[in-house]
Amino acid sequence: LKLITLLTDFGLLDGYPGILQGVILTISPDARIVDITHNIKPHDVFAGALALGSAAPYFPPGTIHIAVVDPGVGTRRRPLAARLGDQYFVGPDNGLMTDLLNKAEIQGDAIDIIHLNQPRFWLPAVSNVFHGRDIFAPSAAHLANGVPLSELGCIIHDPVRLQLPTPSAIPGGWRGQVIHIDHFGNLATNIESFQLQNFRSVEVSLGSQVIHGLLHAFGDGKPGDLLALIDSSGRLSLCVVNGSAEKYLNIKIGDPVEVVQPESS
Amino acid sequence: LKLITLLTDFGLLDGYPGILQGVILTISPDARIVDITHNIKPHDVFAGALALGSAAPYFPPGTIHIAVVDPGVGTRRRPLAARLGDQYFVGPDNGLMTDLLNKAEIQGDAIDIIHLNQPRFWLPAVSNVFHGRDIFAPSAAHLANGVPLSELGCIIHDPVRLQLPTPSAIPGGWRGQVIHIDHFGNLATNIESFQLQNFRSVEVSLGSQVIHGLLHAFGDGKPGDLLALIDSSGRLSLCVVNGSAEKYLNIKIGDPVEVVQPESS
Amino acid sequence: LKLITLLTDFGLLDGYPGILQGVILTISPDARIVDITHNIKPHDVFAGALALGSAAPYFPPGTIHIAVVDPGVGTRRRPLAARLGDQYFVGPDNGLMTDLLNKAEIQGDAIDIIHLNQPRFWLPAVSNVFHGRDIFAPSAAHLANGVPLSELGCIIHDPVRLQLPTPSAIPGGWRGQVIHIDHFGNLATNIESFQLQNFRSVEVSLGSQVIHGLLHAFGDGKPGDLLALIDSSGRLSLCVVNGSAEKYLNIKIGDPVEVVQPESS
């Protein structure tokens, strides 16, 4: 199985993701290609890094993830390929792989990061505006074909990293922030379940709203209820049953969230 | 050919459909995966059942359809797998397979419905909010690998069914309703072509509009014309040539439609 | 590799693209299928032809492109299949393949155009409203299986062609127009890089805006800057760094653009 995934901010209007697939299949006809998403908000590298970090653990060992959210395309920012444990990354050097890199480091996995500087593995004509097509897709296809990372470029040790926001301790709990709003309008925070594991109960504050207790599942509330639960990535999340917490609360990415253990509990 | 389809209300923003593909390919690397749609209106089980019923007949025997529109995820609603004639269904027990089940019964096909209760075929950690990833995708992948339905769980005979609305007879015709509005703004009704087969002509009433006659094809009208025709699923449908009947008529799902044979015909 | 691409105006709401895949895989189980886009503006044949022309060169020889933007479905417009150099086209006879045909002619490639008139290669029941499903998908699948073009229908020499707009010479430069607005809000014109190759510098006028000079890459401007550059298809394009030129300029398809060599250069 030669598995390649695509994660971009290209949208689904213009055929750009299909063009990447055409380039890949020209070089590696038996590659399998999976779209993770092409609807990352344009130029939002942080959102891309987060989405890639959420999806990558569910792919088999050896999967090559092409991620292209690339406001610096055509400038001196480096094109990269990397082995991060049992997964591979191909994309611009702007922090998109931060979450994968952090996890690989924490787990003590093998890490090799390569500056792609061998044009013989690219398309013959390289534009200044579409490196997904001209550099990243062909490099990933050659990698899938068995070309070793070391032939694609030279090792580097200073990739760009994003500073992912972490929650801070407050009396009796944590102060974090909303880091993602999904298709359903669920608000994911950067407060993770392990940080709440000794809490007998929780009280979550967001704007003027206070939510008491964590529910087990959406269906345990009544339609329209605002509730807190641990989402499928292990994050404290605010949701409206059969509705949108985003619309209900008029919240945006970066807004603060506090969670404490109530004194009476 | 191990063919698995995906039909969900996950949207294309967050990478959830790609995660399902990663899970499937980890377990069944040679499975082929087709997206039917991920844009079912959130929590709209009826719309999901209708879309699955329209698409499934065009897939080859043995296809496994994963359908996840699942407001009850994490509650006591059962996860199911089913053989319905020559197609398979994997998803929550909330009526999503109603149309497939009805057709299999009418055709006298073999039907086996299983309550998925064998966690060894699921992901090791099962969340309360994403059974598509944790239960349905791995179960479908094992099914594709040849694990028999009977190993995945125990037989049930009382699946949840939706009551699909049927048209009622009125003097000289039928009273039905709009059941789907498609991407083009075409309005599909629950009145089917066989119910009109003895009509020499038709008069369709919808709100204050009356349409005389059925056209053969969109292109037989002039741009902007409101017309009635039999759509690709065999349903009486209201359309605007090169335009949107939805915008033209300001109609919504559930609005009544009457069709009669005009007296003069 | 039996590679089939899909380009339509079906949208991603209703499952129509998935139905095409089901039909194809029923006939040709080992075909590989790539979505180019399903978000062509409804009935916009010109936009479809342009998108197909941009994407096709990146697919391997032998690729079969199904393109369905088909306001004339069910009328006397002919269904076609064509060999245009090393690529194949299947779709309605309305000009969708114009760009592919023009390129094949310019390159002196072999061209064979067939009127699909052999119903034995279609689905048994053909609707008047969904030839993508009933005629084009099965015809493409049989073509992928090795059925020769000549068995699918009879040769024609008068396919419908679109008149693609070309820029006109003005004193010191060119007057063209905006022909595409992409997902990022970048405005592509029909003025191509080869037409500017002897220009020492350029001055681009669009509405009341004048842009001086061509930048190399998005990242060479400051966020919010309006700039001109050569896009990934070799077209003069107007862009806003990390923003949308469409919103900034309130421009639409067809609006005029002039580019001249400034007198002082």
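Guide: In α2(C), the buried residues are V45(C), G48(C), A49(C), L50(C), A51(C), L52(C), G53(C) and A55(C); here buried means under 20% relative accessible area, exposed over 50%, and partly exposed in between, computed with a 1.4 Å probe on protein chains only. The helix is thus mostly covered, with 8 of its 11 residues buried. Helices (H or I, at least four residues) and strands (E, at least two) are DSSP runs, numbered from the N terminus. The model is predicted, so that local features need pLDDT of at least 70 and side-chain atom pairs count only at pLDDT 80 or more, while totals for chains, interfaces and linings use all residues. Residues are numbered from 1 along each chain as its sequence is written, chains are lettered from A and ligands numbered from 1 in the order in which they are written, and side-chain values use heavy atoms, with hydrogens and water left out.

Where chain C meets chain A, 30 residues of chain C and 32 residues of chain A are in contact, that is, have heavy atoms within 4.5 Å. About 2,500 Å² is buried between chain C and chain A, and carbon and sulfur atoms give 61% of it; buried area is the accessible area (1.4 Å probe) that two parts lose on being put together, summed over both. Y58(C), H183(C) and F184(C) supply 25% of the area that chain C buries against chain A, more than any other three residues. There are 0 salt bridges between chain C and chain A, a salt bridge being a side-chain nitrogen of Lys or Arg within 4 Å of a carboxyl oxygen of Asp or Glu. Polar contacts, by comparison, join 14 residue pairs of chain C and chain A, both residues at pLDDT 80 or more. Such a contact is a pair of N or O atoms within 3.5 Å; within protein, one must be able to donate a hydrogen and the other to accept it, and residues adjacent in sequence count only if both atoms are side-chain atoms.

On the side of chain C that touches chain A, two or more residues come from each of β2 (32-37), α2 (45-55), β9 (173-181) and β13 (226-230) of chain C. β2(C) gives the most to this side, with 5 residues. By type, the side of chain C that touches chain A holds 15 nonpolar, 10 polar and 5 charged residues; Ala, Val, Leu, Ile, Met, Phe, Trp, Tyr, Cys and Pro count as nonpolar, Asp, Glu, Lys and Arg as charged, and the others, Gly among them, as polar.

T37(C) lies in strand β2 of chain C and is buried, with a relative accessible area of 2%. Its side chain reaches the backbone oxygen of L12(A) at 2.9 Å, and a polar atom of the T37(C) side chain lies 3.2 Å from the backbone oxygen of L13(A). Leaving aside residues up to four places away in sequence, T37(C) touches L12(A), L13(A), D14(A), G15(A), L6(C), L7(C) and T8(C).

Towards chain B, 32 residues of chain C are in contact with 30 residues of chain B. For this interface, the polar contacts number 14 residue pairs, both at pLDDT 80 or more. Two or more residues on the side of chain C that touches chain B come from each of α1 (16-27) and β2 of chain C, and α1(C) gives the most, with 8 residues.
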